[in-house]
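Let's take a friendly walk through this fold, element by element. Have your viewer ready, and follow along as we go.

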Amino acid sequence: MRTENSTRPRSHQLRRPIVLAAAMLLVSSVATACGSDTGPTGTAPGPTPPSTSHTDGTSGGTAGDGPTTPGRGGTGPSGTPGSTHTPVPPTTPTAPGGGPRQVRTSVYFLHGENVSPAPRTVTTPATAAGALRALLAGPDRYERTHDRGTAIPSGTTLNSVAVSRHVATVDLSARYDDGGGSLSMRARLAQVVFTATRFPAIEKVRFELDGKPVTAFGGEGIVLNKPVGRADFEDLAPAILVESPLIGDSIRTPVRVWGSANTFEATIRLKITDAAGRTAANIYATATSGTGTRGTFDVTIPYTATRSGAGMLTAYWDSPEDGRAVIEDTVPLTVRR
């Protein structure tokens, strides 16, 4: 038997084991990077929470983000469409167990001859329909005590709401156009329009009565041959429309106040009165436009209350003629220290 000694260098003899070891290490690293479903600590990462925003016009609204008065909603953001529509998606969390969500919105009653928002809570997904039904039910006792009323005839019912391309077709019972003069007719139309357009995907409203399109409304023959929006009822909105906080809300300092305005040079005044009747804050603010064009405002007001309890937010502007305060809206609140 012939025996041969290898004459290859020792480094060549070791190369194959080293290469195999390196290959095994590489495979292990790739498997760790690409095939693992665990995090750095060895636990599986949780799923990304799904979005809860809705912008379909029938499931939208505003969620409270502040303290609340028992039985009523808290303060929170929303759209303030004036000459332009400013939708704000809902932020209310999903109910426990994945059931229907409760969404806070506003319905628009009358304070004097002007529309005035009041808080309501409705259930998804038919939130626009829920808000309109709450509007038709009229103001509650607290709101009536503070001079909120309605021009909508008692007994009016909602047949349906259908939203397409930012227009809500609202079908009401024939009772809706019973009685009343021109102001009453326009006021009840404005109440429905402002309530519906509070939702993100609704900019205008088309009216039907018992399934029949309305082109002329009531005995006054108000022309409704096309969808109408908030700008069509500018004369029924106060020069300063406070959209938040709402009547009956409970506030703490600082409080966010926002809405729309159409005042001289877009200047507005906002005053908070505490439970002792003392002025807790009184500030100037400026809307995005004014003097004939409605703009929006959004300010945060720090205040100092001497006593907690029933208070008031007063929205007014100073007359350029004699400097007197022209009060446009008052919002009863619970003011907390």
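Where is the place of P245? P245 sits in the loop between strand 10 (240–244) and strand 11 (250–251). Before going on, a word on the ground rules: this is a predicted model, in which local features need pLDDT of at least 70 and side-chain atom pairs count only at pLDDT 80 or more, while totals for chains, interfaces and linings use all residues. Residues are numbered from 1 along each chain as its sequence is written, and side-chain values use heavy atoms, with hydrogens and water left out. Helices (H or I, at least four residues) and strands (E, at least two) are DSSP runs, numbered from the N terminus.

Back to P245: a cis peptide bond joins S244 to P245, with omega about 5 degrees. Another cis bond links T124 and P125, again with omega about 5 degrees, and P125 belongs to the loop between strand 2 and helix 2. Most peptide bonds are trans, and most residues other than glycine have a negative phi.

Strand 1 (residues 102–111) pairs with strand 2 over 10 bridges in the antiparallel sense, and Q102 stands opposite T123.

The axes of helix 2 (residues 127–137) and helix 4 (residues 182–196) come within 10 Å and cross at roughly 150 degrees. A131, L132 and L135 of helix 2 meet Q191, V192 and T195 of helix 4 in this contact.

Which residues of strand 5 cover its two faces? V167, T169 and D171 lie on one side and A168, V170 and L172 on the other, all of them buried (under 20% relative accessible area; exposed is over 50% and partly exposed in between, with a 1.4 Å probe and protein chains only). Since six of the six residues of strand 5 (residues 167–172) are buried, it is largely enclosed by the rest of the structure. Strand 4 (residues 158–164) pairs with strand 5 in the antiparallel sense over six bridges, with V170 as the bridge partner of V161. On the parallel side, strand 5 and strand 6 (residues 204–209) share six bridges, and D171 stands opposite E208.

The hairpin of strand 4 and strand 5 has two residues between the strands, and its R165 takes a positive phi near 50 degrees. H166, in the loop between those strands, has a positive phi near 70 degrees and counts as partly exposed at 39% relative accessibility. Further along, E265 has a positive phi near 55 degrees; E265 lies in the loop between strand 12 (255–261) and strand 13 and is exposed, with a relative accessible area of 56%.

How values were computed. Axes are lines fitted to C-alpha atoms, for helices over the stretch in contact, and angles run from 0 to 180 degrees between N-to-C directions. Contact means heavy atoms within 4.5 Å. Two strands pair if DSSP finds at least two bridges between them.
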